[in-house]
Amino acid sequence: MGESEAYSHMSSEGNIHTDDFTAIVTDYGQSIQQLVYTYVKDQALAEDLTQEIFIKVFKKLDSFKQESTLKTWIYRIAINHCKDYVRSWHYRQFIYDNDTVMHARSKDKSIDDKIVARSEEECLVHSVLGLPAKYREAVYLYYYEELTSKEISTLMNVRENTVKTRLRRARKMLKEKLGKEETT
């Protein structure tokens with residue numbers, strides 16, 4: 001089902017009515033919160049910023065002209081909001097706990113396998129979060145949100161080749177970092 005089918009209360013101009021806002025938050029809330037977390041590395045702060053982002057989305061619903069997909073439009077708002085926050089004085093003065101990590105749980109693994117997988121995932125998440133922002137952003141959008149490099153280039157406002165280069169460099173950095181951790 002396409003986005004325009006999912007949000008049925010469209011005006012004649014193609015704008016989404018506020019009746020569909022709950023569905024939008026349900027569809028994109030978790031993904032946006034995870035994206036925000038990659039910027040601020042603090043779960044509570046990510047939740048607060050996600051709320052702020054959806055307030056912006058709600059206020060700007062009338063300005064959505066369907067020149068891009070709704071998902072791309074919301075992600076652009078989220079990325080810009082995160083970048084503004086990270087550049088703000090408040091963020092630079094804020095001390096965050098880097099040990100807060102999102103964990104995905106598997107249902108079909110033994111306890112030992114779960115512990116090993118959790119440890120490996122935690123190591124990978126810490127490594128990704130340790131990348132410079134431009135690489136971390138590209139990795140998150142490509143691997144976690146499964147966006148294409150073309151979609152990412154639109155969201156990040158850079159050329160598609162720049163996205164591919166950032167992904168390649170990020171993979172190289174992660175390989176080096178994870179390789180060093182295995183040998184220690």
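In this predicted model, Lys83 counts as partly exposed, at 25% relative accessibility. Lys83 forms a salt bridge with Glu137, and that pair is one of 3 salt bridges in the structure. The chain holds 9 helices and 0 strands.

**Overall make-up**

- Read from the N terminus, the elements of the chain follow the order α-α-α-α-α-α-α-α-α.
- The chain has 184 residues, of which 37% count as buried.
- Among contacts in the chain with a separation of 6 or more, 61% are between residues 24 or more positions apart.

- In the salt bridge of Glu137 with Lys83, the closest N and O atoms are 3.9 Å apart.
- Glu137 belongs to helix H7 (residues 133–144) and Lys83 to helix H4 (residues 70–87), so this pair ties together parts that are 54 residues apart in sequence.
- Glu137 has a relative accessible area of 3% and is therefore buried, since buried means under 20%.
- Lys83, at 25% relative accessibility, is partly exposed.

**Salt bridges within single helices**

- Arg87 and Asp84 form a salt bridge in which the closest N and O atoms lie 2.9 Å apart.
- These two residues, Arg87 and Asp84, are 3 residues apart in helix H4, and about one helical turn separates them.
- Arg87 counts as exposed at 54% relative accessibility, whereas Asp84 is partly exposed with a relative accessible area of 43%.
- Lys164 forms a salt bridge with Glu160, and their closest N and O atoms are 3.9 Å apart.
- Both Lys164 and Glu160 are located in helix H9 (residues 160–183), where they stand 4 residues apart, or about one turn of the helix.
- Lys164 is partly exposed, with a relative accessible area of 38%, and Glu160 also counts as partly exposed, at 29% relative accessibility.

**Packing of H2 against H3**

- Helix H2 (residues 21–40) packs with helix H3 (residues 43–60) at an angle of about 135°, and their axes are 8 Å apart.
- This angle makes H2 oblique to H3.
- The crossing in which H2 passes H3 is right-handed.
- On the H2 side, the residues that meet H3 include Phe21, Ile24, Tyr28, Gly29 and Val36; on the H3 side, the residues that meet H2 include Leu45, Glu47, Leu49, Ile53 and Phe58.
- By class, the residues of the contact of H2 with H3 comprise 15 nonpolar, 4 polar and 1 charged.

**Packing of H3 against H4**

- H3 and H4 pack at an angle of about 130°, and their axes are 10 Å apart.
- H3 and H4 are therefore oblique to each other.
- H3 passes H4 in a crossing that is right-handed.
- Among the H3 residues that meet H4 are Leu45, Leu49, Glu52, Ile53 and Lys56, and among the H4 residues that meet H3 are Trp73, Ile77, His81 and Tyr85.
- The contact of H3 with H4 consists of 11 nonpolar, 1 polar and 3 charged residues.
- Leu45, Leu49 and Ile53 of H3 are among the residues that take part in the contact with H2 and also in the contact with H4.

**Glu145, a buried loop residue**

- Glu145 is situated in the loop between H7 and helix H8 (149–156).
- With a relative accessible area of 9%, Glu145 is buried.
- Apart from its neighbours within four places in sequence, Glu145 is in contact with Ser31, Gln34, Lys71, Tyr75 and Tyr140.
- Glu145 and Leu35 are 110 residues apart along the chain, and their C-alpha atoms are separated by 8.7 Å.

**Loop residues with a positive phi**

- Most residues other than glycine have a negative phi.
- Lys41 is not a glycine, yet its phi is positive, at about 55°.
- Lys41 lies in the loop between H2 and H3 and is buried, with a relative accessible area of 10%.
- Glu146, likewise not a glycine, has a positive phi of about 55°.
- Glu146 is found in the loop between H7 and H8 and is exposed, with a relative accessible area of 67%.

Notes:
Residues numbered from 1 in each chain as written. Predicted model: local features only at pLDDT ≥ 70, side-chain atom pairs only at ≥ 80, totals over all residues. Heavy atoms only, no water. Axes fitted to C-alpha atoms, helices over the stretch in contact; angles between N-to-C directions. Parallel < 35°, antiparallel > 145°, perpendicular 65-115°, else oblique. Left-handed = near helix turned anticlockwise from the far one by under 90°. Contact = heavy atoms within 4.5 Å. Nonpolar A, V, L, I, M, F, W, Y, C, P; charged D, E, K, R; others polar. Salt bridge = Lys/Arg side-chain N within 4 Å of Asp/Glu carboxyl O. Buried < 20%, exposed > 50% of the residue type's maximum accessible area, 1.4 Å probe, protein only.
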